[in-house]
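Me: Hi, could you look at a model with me? I have a few quick questions about it.

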Amino acid sequence: MKKFIASLLLGFIACVSFAAVQYSYDFGKIGYVDNDNNASKVTAWADRLHHTAGGVQNTLYFLNSANLFVSFATAAPASWGGYIVNGTQKGTELSFALLADGMYTAVDASGAPVVFGSGDSVGFWVTDSNGNKVYNTPRLEGEHYGTFNGTRMLDNNTLYANGFGQYGVYVHSTSYDEMAAMSETIMNVQVGTYTMTGSADVPAGQPLPGVLAAFLLGGGMLGGGKLLKRRKA
């Protein structure tokens, strides 16, 4: 009982800490056609059409330094996450912290937002209504054949929408409405920077308010898996 009460108090502290801070965002553009795969034009590039030699379709490639943000146009699934697609940390799970208003950002082991850099590549997954894990990168490590999520670019190419259906379902996306009709979950992916204001001002790059309390709660506000250790601002 004492542990339960302590957990409730920590959860309350975390909620208060988040409520005391307001976040504003500056989202960068995400390219998705060949002539947009240029660091002078966009912050990141989404391989929607599988044009990257040796790459994996739907992977998000960072071309410039930026934070990673995730939100949902639908109800959030029971579990979800992100992972590194290429390089020495391939397969490493990302952890996410809730900022405010349903916006999450990737954080490191200290609770500070991760700053991804040129060459970093990220994929995403959700669980479907049957509890199966559905990835947005088909054929990763030879798995996920026949599972293709739909993708659309929105908000002047600053929002990369990923529509996830049930495992094994090919989600078509010739239009957003078509993708939405076939999807159980629509995950919105964005890249850029953030600023925080409020009674608990914290410089960007420092542990987020409430995140340490969330860690003490056993990561209830964070995505599962290993905590990524990467560059910080």
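Me: What do β11 and β12 form, and how many residues lie between them?
Reply: β11 and β12 form a hairpin with four residues between them. Asp155 in the turn has a positive phi of about 50°. This is a predicted model, where local features need pLDDT of at least 70, side-chain atom pairs count only at pLDDT 80 or more, and totals for chains, interfaces and linings use all residues. Residues are numbered from 1 along each chain as its sequence is written, and side-chain values use heavy atoms, leaving out hydrogens and water.

Me: In which sense do strands β11 and β12 pair?
Reply: Antiparallel, over five bridges, with β11 covering residues 150-154 and β12 residues 159-164. Strands are DSSP runs of E, at least two residues, numbered from the N terminus, and two of them pair if DSSP finds at least two bridges between them. Leu154 stands opposite Leu159 in β12.

Me: New topic: is Asn67 buried or exposed?
Reply: Asn67 is buried, with a relative accessible area of 7% (buried means under 20%, exposed over 50%, partly exposed in between, with a 1.4 Å probe and protein chains only). Asn67 is found in strand β5, residues 67-72.

Me: And which residues does Asn67 touch?
Reply: Not counting residues up to four places away in sequence, Asn67 touches several, including Phe62, Thr105, Pro113, Gln190 and Tyr194; contact means heavy atoms within 4.5 Å.

Me: What does the side chain of Asn67 reach at 2.9 Å?
Reply: The backbone oxygen of Val114.

Technical notes: A polar contact is a pair of N or O atoms within 3.5 Å; within protein, one must be able to donate a hydrogen and the other to accept it, and residues adjacent in sequence count only if both atoms are side-chain atoms.
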